[in-house]
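Here is a short briefing on one protein model. Please read it alongside the structure.

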Amino acid sequence: MIIVLMGVCGCGKTSIGRALSTELSCPFVDADSLHPESNKSKMAEGIPLTDEDRLPWLQAVCAAACSLLSDGSCAGNVIVACSALKLSYRNILRQGSHHGNDTDAPPPDRAQGDAGTRAEEGGGGRQRRAAAVVFVHLHGTFDLILSRMSQRSGHFMPTSLLRSQFETLETPTVSEHFIQVDIAQGVAGVVSDIRACLSTPLGN
């Protein structure tokens, strides 16, 4: 299963992802590390990324997660920290999990919004089982996240882009069978809540 920790910049995806991967003894993929330098430069200058900027990055994120699942080195789960702000971005990750590292996966506008978290057979002509994808929305208020961003250093994402991130965010709907966790608590509390939710059948 691919567990995607999603949300706006500064919501704690990386720190929570690392802690959760330790708890579950599974690998962690930080999507920020897979951004091309052109994307990092734009964001560092306070320029929001376009859908065209994000597409190859999202494909690379999904390929990295699927590669870890397919090489047999993990215990069946991979944690991914990725903003995944729009439904179309989440669909790219869902569709990519069905096609593994195929480069001919359907474009995002053909991805189905109700792909959900259930594994299905096939994808790209391969006889393989698709990875289940679960999105965990790390939810917090603008003021809380802004205060946390203001305290961190060394990251290419400036606080000036936080408003744009909130405006871009399309909060997952019930049909996506997602998990939402309040980040006002500490990392340990968030990880505990996620683990509890993962132990409960989604959609219940």
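Glu-23 is partly exposed, with a relative accessible area of 45%. (Buried means under 20% relative accessible area, exposed over 50%, and partly exposed in between, with a 1.4 Å probe and protein chains only.) Its salt-bridge partner is Arg-195, with the closest N and O atoms 2.8 Å apart. Arg-195 is also partly exposed, at 37% relative accessibility. The model is predicted: local features need pLDDT of at least 70, side-chain atom pairs count only at pLDDT 80 or more, and totals for chains, interfaces and linings use all residues. Residues are numbered from 1 along each chain as its sequence is written, and side-chain values use heavy atoms, leaving out hydrogens and water.

**Salt bridges**

- A search of the whole structure finds six salt bridges. The criterion is a side-chain nitrogen of Lys or Arg within 4 Å of a carboxyl oxygen of Asp or Glu.
- Arg-195 sits in helix 7 (residues 187-198) and Glu-23 in helix 1 (residues 13-24), so their bridge ties together parts 172 residues apart in sequence.
- Arg-94 bridges to Glu-176, with the closest N and O atoms 2.7 Å apart. Arg-94 belongs to helix 4 (residues 87-99) and Glu-176 to the loop between helix 6 (162-168) and strand 5 (179-182), so this pair links parts 82 residues apart in sequence.
- Both Arg-94 and Glu-176 are buried.
- Arg-90 joins Arg-94 and Glu-176 in a network of salt bridges.
- Glu-37 and Lys-40 form a salt bridge at 3.9 Å, N to O. Both lie in helix 2 (residues 37-44), three residues apart, about one turn of the helix.
- Glu-37 is exposed, with a relative accessible area of 57%.

- Five strands form an open sheet in the order 2-3-1-4-5, with parallel pairing. Two strands count as paired if DSSP finds at least two bridges between them.
- Strand 2 (28-30) and strand 5 stand at the edges with a single partner strand each, so one side of each has no neighbour in the sheet.
- From one strand to the next, the twist averages 20°. Axes are lines fitted to C-alpha atoms, for helices over the stretch in contact, and angles run from 0 to 180 degrees between N-to-C directions.
- Strand 1 (residues 2-6) pairs with strand 4 (residues 133-139) in the parallel sense, over five bridges.
- Val-4 stands opposite Phe-135 in strand 4.

**Helices on the sheet**

- Helix 7 packs on the sheet and touches strand 1, strand 4 and strand 5. Its direction makes about 155° with that of strand 5.
- Helix 1 lies across strand 1, strand 2, strand 3 (78-81) and strand 4. Helix 1 runs at about 155° to strand 1.

**Whole protein**

- The protein has seven helices and five strands. Helices (H or I, at least four residues) and strands (E, at least two) are DSSP runs, numbered from the N terminus.
- From the N terminus on, the elements run β-α-β-α-α-β-α-β-α-α-β-α.
- Buried residues make up 43% of the 204 residues.
- Among contacts between residues at least 6 apart in sequence, 72% join residues at least 24 apart. Contact means heavy atoms within 4.5 Å.
- The accessible surface comes to about 9,600 Å², and 50% of it belongs to carbon and sulfur atoms. Accessible areas come from the Shrake-Rupley method with a 1.4 Å probe; for residues, only the protein chains shown count as cover.
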